[in-house]
Amino acid sequence: MEEGKVYASDVFAHLEMLEMRDHEAALKEEEELLQEEKLARLKARVKELRLQRDELRAKLDLQEKRQLEKEGPASDPAQFSPRAVLQWKIKSLQAMLQVFYLTGIGAKLTRRGVCFCISTAYEGTYLGSYYLDLLTKSEVKIYRHSVPAFIPLKQIAEQYLQTDIRRFLSVLSDQLNAYAGRRYQADQLQEHFSDQIKGTLQRNSLYNLLVFNYNVSSKSKTFPFNVRLLYGDLCCSLPTEVIVSCRLDAPASLTETAAAHSDLFRRMPLHKAFRSFSSTG
Amino acid sequence: MDETVIEYIRRTVLKIPRKEIKIMLQKWGFLSRSQLQTINFQQTKENISRRVALLCQENSADIKEAAALDIIYNHVYPNKRLWSVYQMNKTIYQMKEKETEFFDIRDFKTKFKRKLHSALENVTINFREYDDSAIWIRIAWGTPYRKPNQYKTSYVVYHSQTPYAFVSVSMFRSNVPLLLEALVAASNYNHICAMELRSHSLNSLKEIVFNRYSQNFQTYYPEALQEHSVEPESEPQIVHENRKTKEKIQGMNQQAFWDCSLPKLEYAQYKLETMFESDPKMGVLHRKQPFRCLVKFSSPDLFESLKSLAATSMAETSLSPLLTCIPQKPMNNFRITEETSLISGRLSTSLCLN
């Protein structure tokens with residue numbers, strides 16, 4: 001046990017060292033604790049700041065929107081992303097409305113009812129639009145409209161407006177589209193084939209009766225044909241009855257041509273029929 | 001007959017403004033191009049008309065050509081005449097017929113002439129069709145014992161397959177029933193009655209009755225979105241007082257007139273047959289008879305002036321529904337009796353006498 005005596009100072013030194021170590025460890029722990037506390041505090045602060053930032057962003061968005069309404073289109077696109085987002089939203093909404101417009105019947109809820117917009121088109125060409133402002137308080141009534149006076153709106157409304165509004169709109173849309181189609185055909189005929197038509201094109205407001213004379217050439221001679229087109233079905237843009245007649249002194253072969261033309265008029269649009277037999281001769 | 005026809009043509013040419021004579025003669029098409037070239041359009045109207053009369057005599061113009069020129073003149077200057085609107089109806093039986101009606105202009109003309117001639121032999125009837133499906137009918141009236149007087153004419157403008165007709169009668173009002181009867185028979189209707197709508201501007205009447213004026217319908221039509229352009233700030237030195245009240249009144253006006261351009265009407269007339277509410281002590285006026293007066297609002301453009309009443313602060317409240325209902329009804333000649341005076345209560349006591 002001499003070692004014990006001999007190393008007494010060592011033991012003290014060792015103890016001191018251990019004490020020091022302990023002290024250091026304690027310090028370290030304290031430091032670590034402090035660090036953790038600090039970290040926790042900082043994390044809380046970050047949360048706070050994030051909340052604040054979100055609030056401010058929301059406020060800014062609102063202000064931006066108000067500013068946009070006041071000023072109109074954005075002046076500096078690179079300035080704020082919320083403005084760009086808003087613009088994108090507006091564009092996509094406009095595209096959606098355009099799609100609805102293309103379906104032919106569009107509507108909007110008004111204070112007192114609904115306002116319908118019926119758009120007409122014929123074979124890929126868009127023609128006019130007609131509006132109907134309906135009241136829907138107690139019973140459905142037409143408040144005002146832009147449908148032409150020769151379309152029998154009153155009759156269609158009497159039949160379907162109260163009972164089946166979908167049918168009402170569909171019938172009205174069919175009639176308006178058919179009228180627009182008939183008028184388009186007559187206009188196209190006058191525009192592109194005015195040299196073949198003799199005199200004026202006799203028509204009426206609904207374009208459901210067309211009478212005109214046109215020239216048919218056969219063996220280097222021209223013969224006048226008279227056409228009478230009756231459109232009995234107001235929802236249809238092709239004629240229900242076609243009468244093609246020629247003068248009594250015309251050669252017999254022309255009666256065949258007359259029959260062929262009559263068939264063409266019954267099957268295809270007016271201007272297309274003209275195009276087909278003016279190209280075949 | 002020839003002399004009177006030539007004189008009639010000459011007088012019609014005299015009515016036309018000098019700058020328009022050439023165009024109108026070209027539209028007429030009775031004189032050939034070479035003949036037109038011989039006319040010096042720089043001289044006085046008197047000389048031009050004499051020259052035209054001479055040429056017409058060479059071409060032996062008849063009453064048909066003369067009437068055509070008259071129709072063309074009235075078509076270009078319809079505002080010189082006063083037009084009334086008539087509405088035709090069918091019976092329920094007729095309306096239930098499922099067969100589509102084909103309006104044939106030739107049938108219409110024959111039926112009209114036949115009906116009118118059966119009532120009165122001495123009439124001249126002429127027709128002219130225009131591109132917008134409008135049929136112009138000119139009628140010159142005579143009596144059972146006298147030939148038609150070409151200077152006393154009535155005009156009818158009719159759009160096929162519509163229930164409306166625009167009539168302008170110049171003199172012989174007693175002949176109007178004959179005209180209306182012929183019109184009803186020719187257009188396949190049963191009844192005809194006058195609408196309380198009259199104006200010099202034929203186009204405005206057409207716009208109102210055919211719903212052609214640009215009503216501001218609320219729709220999602222894409223182009224409509226861009227219409228709400230922001231109004232630029234006016235000069236900074238101008239300070240608008242009572243801005244809120246003004247805006248409120250404008251808002252009410254917009255609601256009433258739908259913020260669209262309305263057709264031109266010249267007047268709105270209200271015949272009041274209401275009781276005058278007075279203090280019983282004012283013995284003279286305290287009678288049990290309706291107090292009759294006629295109130296007439298006239299303006300070159302009635303609706304525009306009504307709209308601007310609020311903008312110029314001449315009206316402090318919104319417009320009376322009696323004024324704003326005009327395009328909707330449509331009518332511009334009103335008769336207000338005791339039953340309706342409840343609505344127009346303010347109107348009957350606070351208006352000036354005409």
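Predicted model: local features only at pLDDT ≥ 70, side-chain atom pairs only at ≥ 80, totals over all residues.
Let's start with the overall layout. Chain A splits into domain 1 (1–72), domain 2 (73–181) and domain 3 (183–279). Chain B has 354 residues, 43% of which count as buried, and it carries 14 helices and nine strands. Among chain B contacts with a separation of 6 or more, 69% are between residues 24 or more positions apart. Its accessible surface is about 20,700 Å², with 51% belonging to carbon and sulfur atoms.

Now the rings. Over all chains there are 26 aromatic pairs. One of them joins Tyr270(B) and Phe297(B) edge-to-face, with 5.8 Å centre to centre and 90° between the planes. Tyr270(B) is in strand S7 (residues 267–274) and Phe297(B) in strand S8 (residues 291–298) of chain B, so the pair ties together parts 27 residues apart in sequence. Tyr270(B) counts as buried because its relative accessibility is 2%, under the 20% cut-off, while Phe297(B), at 26%, is partly exposed. Over in chain A, Phe193(A), Phe212(A), Tyr214(A), Phe225(A), Phe265(A) and Phe274(A) make up one aromatic cluster.

| Lysine | Ring | Distance to ring centre |
|---|---|---|
| Lys80(B) | Tyr77(B) | 5.9 Å |
| Lys296(B) | Tyr267(B) | 4.8 Å |

Finally, Gln35(B) belongs to helix H3 (residues 33–37) of chain B. Gln35(B) is buried, at 12% relative accessibility. Leaving aside residues up to four places away in sequence, Gln35(B) touches Leu55(B), Glu58(B) and Asn59(B).

Note on methods
Residues numbered from 1 in each chain as written. Chains lettered and ligands numbered in written order. Heavy atoms only, no water. Helix = DSSP H or I, 4+ residues; strand = E, 2+ residues; numbered from the N terminus. Buried < 20%, exposed > 50% of the residue type's maximum accessible area, 1.4 Å probe, protein only. Contact = heavy atoms within 4.5 Å. Domains from an automatic or database assignment. Areas by Shrake-Rupley, 256 points an atom, 1.4 Å probe, with all protein chains shown as cover. Phe/Tyr/Trp six-rings, centres within 6.5 Å; stacked < 30°, edge-to-face > 60°. Lys NZ or Arg CZ within 6 Å of the ring centre and 35° of its normal.
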